[in-house]
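Colleague: Hi, could you walk me through this one? I'd like to go through it bit by bit.

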Amino acid sequence: MFAFILRRIGQAILVLLTVALISFSLFRFVGDPTQQMVSQDTTLEERLQIRKNLGLDDPVIVQFGRFVGKALRFDFGLSYQTRQPVATLIGDRFPATIELAFASALFALFAGIPMGVYAGLKPQSLLARLFQTVSLIGISLPTFLIGILLIFVFSVSFGLLPSFGRQGTVNLGYWTTGFLTIEGWRSLVLPAVTLGLFQMTLIMRLVRSEMMEVLRTDYIKFAKARGLKPRAVNYGHALKNTLIPVITITGLQLGSIIAFAIITETVFQWPGMGLMFLQAVQTVDIPIMSAYLLLVASLFVLINLIVDLLYVAVDPRIRISGRAA
Amino acid sequence: MQITPEDAMSATLSTREVQRSRSVMASFLDSDIWYSFTRSWITMLAALITLVLIVSAIFAHQIAPNDPFNLESLNLLDGSKPPFWSADGEWRFPLGTDQQGRCVLSSILFGMRISLIVGFLGVLLAASIGITLGLIAGYLGGTVDSVIMRIADVQLTFPAILIALLIDGTMRALVGTARSEVLVFWVLVVSIGLSFWVQYARTVRGSTMVERNKEYVQAARLIGLGNITILFRHVLPNVVGPVLVIATINMALAIITEATLSFLGVGLPPTEPSLGTLIRLGNEFLFSGEWWVVIFPGLTLAILVLAINLLGDWLRDALNPKLR
């Protein structure tokens, strides 16, 4: 068990170092960092002096070490475009993305699991077939198209919900939240549904197939034979066992929610990190790109690690094979 | 459907060849795959739609009612026309026009053509990289295998769209701001290719590890053939089957990825629009009531992807002996 955890943490550090290396090479080799600091009249000596001061003449490995050291202290330098510290920019945008991701994950879970349970219990019913068809469409439609269609229906045609921006935010010092006002909730609905729809269909299909699988097992037959009520069998015995893979998938999907937030934030002009990253890609703002990359990679690795460890904690069978390996 | 080219060819071949190709066709019509195809009307519908869309993309020049790229033929007076069934609609522009008077239907036909080409080349590149690395990893094993597979693991941690976006962004930075349309096109193809190779590599590696211990590989080694010849002439044909299924499903994903990148503004430019670019441009007119400029390209994309997905799903089930 201990060896398993250590190995997983070792892998996580390796992944992070790889991403840091990519991020560093972006920083160092794509475009010249000094270009942004000099004007046309800067002499060659001054340029060389700037390079020396920045440490660009040191061996690459030393520079990489310095880059990692700075990154650990959230120091990613200044944005090329706005001349503000990248850490501040990201800090401003972070709450918007996290609240959006959180809301859409909750939506995916609380809509996906009941739909999946129903479709798994009554696979032949009309509603279950409808769910299956809708989920196929949900998987095939690209995120941005779902967003556009939702805007078309709910904002343009019916005028029910705002179509862009994040309104009604309250500043709580380090965190600006939209959860405290009605306006904030209203502007959250469409982006959250857009972002969560794909995950919802995924969870629904997963719960459905797991439910159908579990319902065929012997212990369910035995539970029925003992005369337990269908409610107790379906929810106490069957659903409980389907939830283990659901935890894993949901956890892993949290990472892709953050990645797909780039698209949703663009469609709805949501002022989060994804929108900032995309603008950075368009203007080749390397410090923001590499900082975002590192941040997202850390989030991904952290989520994967937690899911792996949770899995071991929940399912004893994995613990045994982990020890054997 | 695989019969059509063979059928056409057989007209010029000898009678014996004709008989052989007839029997190939007969055995195909008798096969499980054809049977499961005819049993599922939804698959047949998906195949029909895919075929129609691909054919109309290939012959876009011939069937498009107008030329959306010829600036001289555009007339601002034709701008913002609704589809033909509305009161102001005209038959000249079946699906209406945008503000510059470009025919929406023609734009869709040409856009779909670009989307399909980028998707196809992207999948081709991804499959080539994945198959080659998978063959090498599975055949050689050892350090080479673990290095390739660790890279694959790291890449698999991240969603493909993020990787495509990153590669696209980096290459744009490297290429610089003075970039031509041709270059942007290949940047997209490479981003898609590099984002989707992992799945092929994993599958091919698995089956290569099984194949490499078989007698025909040992025999080939015994008569002194080189590793490359053995891998590509002997092992490859035996491991390439499952790749077909992945490629079909990936085609839908690649088209979505291209459309997403173009929608985000880091894909194809308005001068050479794909479906994604058309949706991005049309999106600006959504609020002025000209819904047809964005909804029709969007629907086309959705139908194309859905049809290919259905075909891929069917192919996966039909080729999977466990489900028969």
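**A loop glycine, then helices and the chain contact**

Modeller: Happy to. This is a predicted model. Let's begin with B:G265, which counts as partly exposed because it has 15 C-beta neighbours inside 10 Å.

Colleague: Where is B:G265 placed?

Modeller: B:G265 is in the loop between α13 and α14 of chain B.

Colleague: And which residues is B:G265 in contact with, leaving aside its neighbours within four places in sequence?

Modeller: Those are A:Q282 and B:R280.

Colleague: OK, on to the contact between the chains. How many residues does each chain bring?

Modeller: Chain A brings 30 residues and chain B brings 33 residues. On the side of chain B that touches chain A, α8 (160-175), α13 (241-263), α14 (275-283) and α15 (292-319) each supply at least two residues.

Colleague: Which of them gives the most?

Modeller: That would be α8(B), with nine residues. Sorted by class, this side of chain B has 24 nonpolar, eight polar and one charged residues.

Colleague: Switching topic: what about α5 of chain A, which of its residues are buried?

Modeller: A:F131, A:S135 and A:S140 are buried in α5(A). Looking down the axis of α5(A), the buried residues fall within an arc of 165°, so they line one face of the helix.

Colleague: Why would residues spaced along a helix point the same way?

Modeller: An α-helix has 3.6 residues a turn, so residues three or four places apart point the same way.

Colleague: What do the buried residues of α5(A) pack against?

Modeller: They pack against α4 (86-121) and α7 (182-215) of chain A, together with α15 of chain B. The face of α5(A) turned away from the buried side carries the exposed residues A:L126, A:L130 and A:T133.

Colleague: Now α8 of chain A: is it largely buried or in the open?

Modeller: Helix α8 of chain A (residues 218-225) lies largely in the open, because zero of its eight residues are buried. Following α8(A) is A:G227, whose phi is positive, near 90°.

Colleague: Last one: how do α9 and α10 of chain A cross?

Modeller: The axes of α9 (residues 230-268) and α10 (residues 273-283) of chain A come within 7 Å and cross at roughly 90°. The two helices are therefore roughly perpendicular to each other.

Colleague: Which residues meet there?

Modeller: From α9(A), A:A261, A:I262, A:E265 and A:T266 meet A:G274, A:L275, A:F277 and A:L278 of α10(A). By class, that contact has five nonpolar, two polar and one charged residues.

Conventions:
Residues numbered from 1 in each chain as written. Chains lettered and ligands numbered in written order. Predicted model: local features only at pLDDT ≥ 70, side-chain atom pairs only at ≥ 80, totals over all residues. Buried ≥ 20, exposed ≤ 12 C-beta atoms within 10 Å, placed from the backbone. Helix = DSSP H or I, 4+ residues; strand = E, 2+ residues; numbered from the N terminus. Contact = placed C-beta atoms within 7 Å. Nonpolar A, V, L, I, M, F, W, Y, C, P; charged D, E, K, R; others polar. Axes fitted to C-alpha atoms, helices over the stretch in contact; angles between N-to-C directions. Parallel < 35°, antiparallel > 145°, perpendicular 65-115°, else oblique. Arc of directions from axis to C-beta.
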